[in-house]
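Here is a note for a colleague who has not seen this model before. Please keep the structure open while reading the points.

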Amino acid sequence: MAKPLTNCPQSTYHFPSGDQTRSYLRVKTPVPDLKQFTSCLWMKRYSKNIDPWISYSDGRIHNAIMVFTQGDELILWINDKSIHIPFPFPTSTDYHVCIASASSTTGKHYVFVNGELHQLINHAPGIVKGGGVFIIGQDQDDIGGGFQATQSLQGRVSNLAIWDRLLDLSEIVQMYQNRCICPPASILSSEINNVNINGGVSTQMTREC
Ligand SMILES: [Ca+2]
């Protein structure tokens, strides 16, 4: 296991209003082809409406990676195929969610909530193609746009990051227990230098590590 970082960059974004298409983050970092990946973030829902957390379009497939919550479900799309996962957690509380996806190899997906395995799913829609657009807080129905007001995030996102491998359970537990610790070599993160902030999204003060 790679030695963890102990000074992980901290970032927190508040998305105050749903029902709009203005407010989102666009990640500037290029996305490579992904045979497998793990995506982690802290999510705080303000309601149980439709909340898109991650929307990655490869230019051809607009739901190449899509993570949203709605009601008591978390819905994961990979290459236009969806999986529904029970997500019966209260709103207004921070949850640490990691999705470890081996879509193109073993076809297994592991969803972790607060450092525990929450769901294992078999699902094999293949490699996620790189070179696309990665949006936080809106759902792309076209590359870089095609947003719908009813599908906009009203909530809070912290420390979103993606690694191009399956993280170990111990690495995920460490992140949950201590926000300053994370595995090295993420390929993408929500740290402030890596994103364009649009609309009414505000950054919030976070602790220093
Ligand atoms: Ca849409």
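Is Asp19 buried or exposed, and how many C-beta neighbours does it have inside 10 Å?

1. **Asp19.** Asp19 counts as exposed because it has 11 C-beta neighbours inside 10 Å. The cut-offs are these: 20 or more other C-beta atoms within 10 Å make a residue buried, 12 or fewer make it exposed, and anything in between is partly exposed, with C-beta atoms placed from the backbone. Asp19 sits in the loop between strand S1 (12–15) and strand S2 (24–27). Its phi is positive, about 55 degrees, although Asp19 is not a glycine. Most residues other than glycine have a negative phi.

2. **Ground rules.** Residue numbers start from 1 along each chain, following the sequence as written. The model is predicted: local features need pLDDT of at least 70 and side-chain atom pairs count only at pLDDT 80 or more, while totals for chains, interfaces and linings use all residues. Helices (H or I, at least four residues) and strands (E, at least two) are DSSP runs, numbered from the N terminus.

3. **Overall build.** The protein chain has one helix and 15 strands. Its C-alpha atoms fill a box of roughly 40 × 40 × 35 Å along the principal axes. Buried residues make up 41% of the 209 residues. Contacts here mean C-beta atoms, placed from the backbone, within 7 Å. Of the contacts between residues at least 6 apart in sequence, 72% join residues at least 24 apart.

4. **The open sheet.** Seven strands form an open sheet in the order S7-S6-S5-S4-S11-S2-S14, with antiparallel pairing. Two strands pair if DSSP finds at least two bridges between them. The edges are S7 and strand S14 (195–198), each of which pairs on one side only. Neighbouring strands are turned by 15 degrees against each other on average, direction ignored. Those angles come from axes fitted to C-alpha atoms, on a scale from 0 to 180 degrees between N-to-C directions.

5. **S2 and its partners.** S2 runs antiparallel to strand S11 (residues 133–136), joined by two bridges. Leu25 has Ile136 as its bridge partner in S11, and Arg26 has Ile135. S2 is also antiparallel to S14, through four bridges. There Leu25 stands opposite Ile197.

6. **The core.** A nonpolar core is a set of buried Ala, Val, Leu, Ile, Met, Phe, Trp, Tyr and Cys residues joined through C-beta atoms within 7 Å. The largest one holds 50 residues, and Leu25, Trp53, Ile65, Val67, Cys98 and Ile136 touch the most other members. Its largest share, five residues, comes from strand S12 (residues 155–163). Leaving aside neighbours within four places in sequence, Trp53 is in contact with Leu41, Met43, Val67, Phe68, Ile136, Leu153 and Val157. In soluble globular proteins, nonpolar side chains tend to be buried together.

7. **Pro52.** Pro52 lies in strand S4 (residues 51–57). Pro52 is buried because 25 other C-beta atoms lie within 10 Å. Beyond four places in sequence, Pro52 touches Phe68, Gly137, Gln138, Asp139, Gln151 and Leu153. The C-alpha atoms of Pro52 and Leu25 are separated by 12 Å, and the two residues are 27 apart along the chain.

8. **The helix.** Which residues of helix H1 (residues 169–177) are buried? Glu171, Ile172, Met175 and Tyr176 are. They are on the same side of H1 because they cover an arc of only 140 degrees around the axis. The arc is that of the directions from the helix axis to the C-beta atoms. Strand S3 (37–45), S8 and S9 are among the elements that cover these buried residues. The face turned away from the buried side carries exposed Ser170 and Gln177.

9. Strand S9 (residues 108–113) and strand S10 (residues 116–122) pair antiparallel over six bridges. Val111 stands opposite Gln119 in S10. The hairpin has two residues between the strands, and Asn114 takes a positive phi near 50 degrees. Ser92, in the loop between strand S7 (81–86) and strand S8 (94–101), has a positive phi near 60 degrees. With 10 C-beta neighbours inside 10 Å, Ser92 counts as exposed.

Note on methods: Two residues are in contact if their C-beta atoms, placed from the backbone, lie within 7 Å.
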